[in-house]
Amino acid sequence: MRIHVTELQHGDMLKDDTFSPAGLHVLPKGTVIKGEETDLLDRHKVDYVEIEPRGTQTGIGVLSAAMQSHIELAIRGYQSIFLEALTSGKFDQEAVDLQLEPLLRTVDEHRDIVSLLLVLEREDVSLYNHSMQVGMLSYYMATWLGYSREECYAISKAGYLHDIGKSKISPTIRNRTDYLTEYDLQELRKHAKLGYDVIKNSMDDETTALVAWQHHEREDGSGYPQGLTKPDIHPYSQIVAVADTYLRLSESKKGEPKRPLLDILREVHELGFGKLNEKPVQALVQHLMSNLLGKSVRLSSGETGTIILNNPSDIFKPLVRVGDLFHDLSRERNLSVEEVFI
């Protein structure tokens, strides 16, 4: 299906590699169109592209119909749980299992975690979507750390419910996207203890409640609400804190440019030296970096290439092949990976 670039829609998928009139490889086959891709095509004066027929596209490309369905179920289910907690101060424990278990069964079959996380990126991620992603990423991280299946599910459930205390925060403060006053911040921070209370009112599970209370604690004592240090933070809370932090850093605000994935991973890696627990941080970074091998990327020079090797001296500066040329970003410090394509 050949269309003009001005007719591209969010979610369209390129059927073929796309080249500029000068012969520069602009975007690879399989790229899912978002705002940045349209701008890139325009800058390279590309007029027409071939896309997959819209009736046959999955919309988010790499995900199976089952996974898409279970993701949507988990998001809608969390919304119902959240609204129930808002009105009554508690929720139905069985409803949590009904929403989460189908998703995690599908997650077990999906190993391309980078593509999955990129697919789920969007502007102004809702609280419901964010909670689903934290639960899902916490599950992945728990499996990487060697926890049993039962423990992985418990950690995922804690991640899924970590922000449930926000149901008891004024929506005026909870939904504000602009500047927060000091009073607003103090009110918002109450969601951690409120989450503990809501979970304790809903289910006999001290650990899940504890994660809600502790997911903003930091190992150097700089977190909230209790200012705990490393020995006093539950291991499940440490995992959920890393998942929550990574996903918060990945969420772009409307009108702001999306942060490069490798910049986010570098920041999370640095937080692993004193603030976030080093074990889940290392698990996240190592698995996402290894998953980047073979991925198409756009460099800060505008060139499109493929990551073929992670440099042991600086894993956030990989070796990238562009056509017949190789760019070692650990040596070419002026170059960086601006975007990773699905």
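This is a predicted model: local features need pLDDT of at least 70, side-chain atom pairs count only at pLDDT 80 or more; totals for chains, interfaces and linings use all residues.
Local features need pLDDT of at least 70 and side-chain atom pairs count only at pLDDT 80 or more, while totals for chains, interfaces and linings use all residues. Residues are numbered from 1 along each chain as its sequence is written, and side-chain values use heavy atoms, with hydrogens and water left out.

**View 1. Open sheet of 5 strands.** The strand order is β8-β7-β6-β5-β9, with antiparallel pairing (strands are DSSP runs of E, at least two residues, numbered from the N terminus; two strands pair if DSSP finds at least two bridges between them). β8 (325–328) and β9 (337–340) stand at the edges with a single partner strand each, so one side of each has no neighbour in the sheet. From one strand to the next, the twist averages 40° (axes are lines fitted to C-alpha atoms, and angles run from 0 to 180 degrees between N-to-C directions). Strand β7 (residues 319–322) is joined to β8 by 4 bridges, and L319 stands opposite D328 in β8.

View 2. E251 is buried, with a relative accessible area of 17% (buried means under 20%, exposed over 50%, partly exposed in between, with a 1.4 Å probe and protein chains only). The E251 side chain makes a polar contact of 2.7 Å with that of H130 and one of 3.3 Å with that of R248 (a pair of N or O atoms within 3.5 Å; within protein, one must be able to donate a hydrogen and the other to accept it, and residues adjacent in sequence count only if both atoms are side-chain atoms).

**View 3. Position of I308 in strand β6.** Strand β6 covers residues 304–309. I308 is partly exposed, with a relative accessible area of 33%.
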